[in-house]
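Keep the viewer open as you read.

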Amino acid sequence: MDNEKQYLFDNPKNIQRVLYLLYICCGLLVALDFVIHRHVYHSWENLPIFYPIYGFVGCVILVLIASWMRTFLMRPEDYYGPVEELDNSKIKIVDVSDGHAKEANNNNKGDRNVDA
């Protein structure tokens with residue numbers, strides 16, 4: 001198991017670096033909000049950090065509306081049919097790896113037996 005390929009986000013330090021980069025970008029955007037001149041249509045857009053607050057409130061409202069909609073859009077647990085309990089004595093494990101290996105090694109040119 002030690003020879004498994006390591007991906008970028010398998011290392012927790014890399015995840016922490018990405019989060020720090022995100023925090024820095026958010027802080028930079030909030031700081032730029034005080035510096036950059038915007039052409040506004042409404043007076044409340046001149047408030048400091050108006051757009052981050054507006055976005056946060058919008059996301060909170062979206063989550064609240066979605067949780068309210070869940071009450072009448074959600075289907076019952078057995079919507080697709082009754083849930084049957086599995087009995088361990090009825091479970092049969094079949095090993096088919098040998099059959100697939102034989103099919104994979106069969107390199108006859110005229111063989112048209114393809115699982116499609």
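Is Phe-50 buried or exposed? In this predicted model, Phe-50 is buried, with a relative accessible area of 15%. That makes a handy starting point, since several other features meet at this residue.

The chain has three aromatic pairs by the ring-centre criterion.

Phe-50 is buried at 15%, Tyr-51 is partly exposed at 36% relative accessible area, and Tyr-54 counts as exposed at 56%.

**Asp-33 and its partner**

Now step over to Asp-33, which is found in helix H1, spanning residues 12-35. Its relative accessibility is 15%, so Asp-33 counts as buried. Which residues does Asp-33 touch, once neighbours within four places in sequence are set aside? They are Arg-38, Pro-48, Ile-49, Phe-50 and Pro-52. The list brings us back to Phe-50, the residue we began with.

Side chains of opposite charge can pair when their charged atoms come close. The chain has one salt bridge. It joins Arg-38 to Asp-33, and the closest N and O atoms are 2.9 Å apart. Because the cut-off for a salt bridge is 4 Å, that distance qualifies.

Ile-49, another contact of Asp-33, sits in the loop between H1 and H2. Its backbone deserves a look: phi of Ile-49 is near 45 degrees, a positive value in a residue other than glycine. Ile-49 counts as partly exposed, at 29% relative accessibility.

One more pair is worth a moment in the viewer. Leu-29 lies in helix H1 and is exposed, at 59% relative accessible area. Leu-29 and Pro-52 are 23 residues apart in sequence, and their C-alpha atoms are 9.3 Å apart in space. Pro-52 is also one of the contacts of Asp-33.

**Accessibility at a glance**

Here are some of the residues discussed in this report, with their classes.

| Residue | Relative accessible area | Class |
|---|---|---|
| Phe-50 | 15% | buried |
| Tyr-51 | 36% | partly exposed |
| Tyr-54 | 56% | exposed |
| Leu-29 | 59% | exposed |
| Met-69 | 31% | partly exposed |
| Cys-25 | 40% | partly exposed |

**The cysteines**

How many disulfides does the chain have? The count is zero. For Cys-25, the closest cysteine sulfur belongs to Cys-26 and lies 7.0 Å away, which is too far for a bond because a disulfide needs sulfur atoms within 2.5 Å. Cys-25 itself is partly exposed, with a relative accessible area of 40%.

**The whole chain and its surface**

Zooming out, the chain contains three helices and zero strands, and along the sequence it reads α-α-α. Of its 116 residues, 3% count as buried. The chain exposes about 11900 Å², and carbon and sulfur atoms supply 62% of that area.

Part of the surface is a nonpolar patch with about 1100 Å² of accessible area together. Its members are Ile-53, Phe-56, Val-57, Val-60, Ile-61, Leu-64, Ile-65, Trp-68, Met-69, Phe-72 and Leu-73. Met-69 has its place in helix H2, which covers residues 50-73. At a relative accessible area of 31%, Met-69 is partly exposed; because patch members need over 30%, this residue passes the accessibility requirement.

Definitions and conventions:
Residues are numbered from 1 along each chain as its sequence is written. This is a predicted model: local features need pLDDT of at least 70, side-chain atom pairs count only at pLDDT 80 or more; totals for chains, interfaces and linings use all residues. Side-chain values use heavy atoms; hydrogens and water are left out. Helices (H or I, at least four residues) and strands (E, at least two) are DSSP runs, numbered from the N terminus. Buried means under 20% relative accessible area, exposed over 50%, partly exposed in between (1.4 Å probe, protein chains only). Accessible areas come from the Shrake-Rupley method with a 1.4 Å probe; for residues, only the protein chains shown count as cover. Patches are made of residues with over 30% relative accessible area and no salt bridge: like charges are joined within 9 Å, nonpolar side chains (Val, Leu, Ile, Met, Phe, Trp, Tyr) within 5 Å. A salt bridge is a side-chain nitrogen of Lys or Arg within 4 Å of a carboxyl oxygen of Asp or Glu. Rings of Phe, Tyr and Trp (its six-membered ring) pair if their centres lie within 6.5 Å; planes under 30 degrees apart count as stacked, over 60 as edge-to-face and the rest as tilted. Contact means heavy atoms within 4.5 Å.
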